[in-house]
Amino acid sequence: MLHKGLIFGFVLIGLAQFSKAQSGIVEVEKDSLINLLQAFRAENGINPSTSRMISLGSKVVDKKNGKRVKVRGFRVQIFSGSSRSDAYAVQSRFQTSYKDIGSYVSYDEPNYRVKVGDFRSRSEATSFMRELRSQYSNVFVFTEDVWAYE
């Protein structure tokens, strides 16, 4: 009986050692398309992998002498619906309140969308969106090409 107990004990100890005998090395394979995706996102300013520079304030741009160019930026959507007349009514109402901010109507079947502003940073667009929430329902920030002066 003692002999069977010793054999059983050695078998248990051997199994315990075998179950813990992992190498501890993890091998990760990275898809080659991930590097291409990261480069594309960094180039277009969509969650870039490179660290962003800290802004020390926006420079004053002379709109008379400045050149108007398209850059990647942000706009605030204030209307989305199937009625063309409603879209232009919302745009007109916005333009009477905010004369210095551009507004744009676009048609993406089946909806008309009214987007406002030409913001270079998401924080500017978000703060303007918060201001507009009291006047418009369903207000969102979108990333797209905007007009800016350089």
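Q: Fine. What should I know about the model and the numbering?
A: This is a predicted model, where local features need pLDDT of at least 70, side-chain atom pairs count only at pLDDT 80 or more, and totals for chains, interfaces and linings use all residues. Residues are numbered from 1 along each chain as its sequence is written, and side-chain values use heavy atoms, with hydrogens and water left out.

Q: What is the mean pLDDT of the protein chain?
A: The mean is 81, and 81% of the residues reach 70 or more. pLDDT is the predictor's confidence in each residue, from 0 to 100.

Q: Which elements have the lowest and the highest mean pLDDT?
A: Helix α1 has the lowest, 74, and helix α3 (residues 84-97) the highest, 94. Where pLDDT is low, the predicted coordinates should not be read in detail.

Q: How many helices and strands are there, and in what order do the elements run?
A: There are 4 helices and 4 strands, and from the N terminus the order is α-α-β-α-β-β-α-β. Helices (H or I, at least four residues) and strands (E, at least two) are DSSP runs, numbered from the N terminus.

Q: How many of the 150 residues count as buried?
A: 22% of the 150 residues do. Buried means under 20% relative accessible area, exposed over 50%, and partly exposed in between, with a 1.4 Å probe and protein chains only.

Q: Now salt bridges. How many does a search of the whole structure find?
A: The search finds 5. A salt bridge is a side-chain nitrogen of Lys or Arg within 4 Å of a carboxyl oxygen of Asp or Glu.

Q: What does arginine 72 pair with?
A: Its side chain meets that of aspartate 145, at 3.2 Å from N to O. Arginine 72 lies in strand β1 and aspartate 145 in strand β4, so the pair ties together parts that are 73 residues apart in sequence. Arginine 72 is partly exposed at 42% relative accessibility, and aspartate 145 is partly exposed at 36%.

Q: And arginine 75, what is its partner?
A: Arginine 75 forms a salt bridge with aspartate 118, with the closest N and O atoms 2.8 Å apart. Arginine 75 lies in strand β1 and aspartate 118 in strand β3, so this pair ties together parts that are 43 residues apart in sequence.

Q: Is arginine 75 buried or exposed?
A: Arginine 75 counts as buried, at 5% relative accessibility. Aspartate 118 is partly exposed, at 26%.

Q: What about arginine 113?
A: The side chains of arginine 113 and aspartate 108 meet in a salt bridge at 3.4 Å, N to O. Salt bridges that share partners also join Arg75, Lys115, Asp118 and Glu144 into one network.

Q: Back to β1. Where is glutamine 77, and what is it in contact with?
A: Glutamine 77 is in strand β1 and is buried, with a relative accessible area of 4%. Leaving aside neighbours within four places in sequence, its contacts (heavy atoms within 4.5 Å) are Arg113, Val114, Lys115, Asn138, Val139, Phe140 and Phe142.

Q: Which residues does a cis peptide bond join?
A: Glutamate 109 and proline 110, with omega about 10 degrees. Proline 110 lies in the loop between β2 (103-108) and β3 (111-119).
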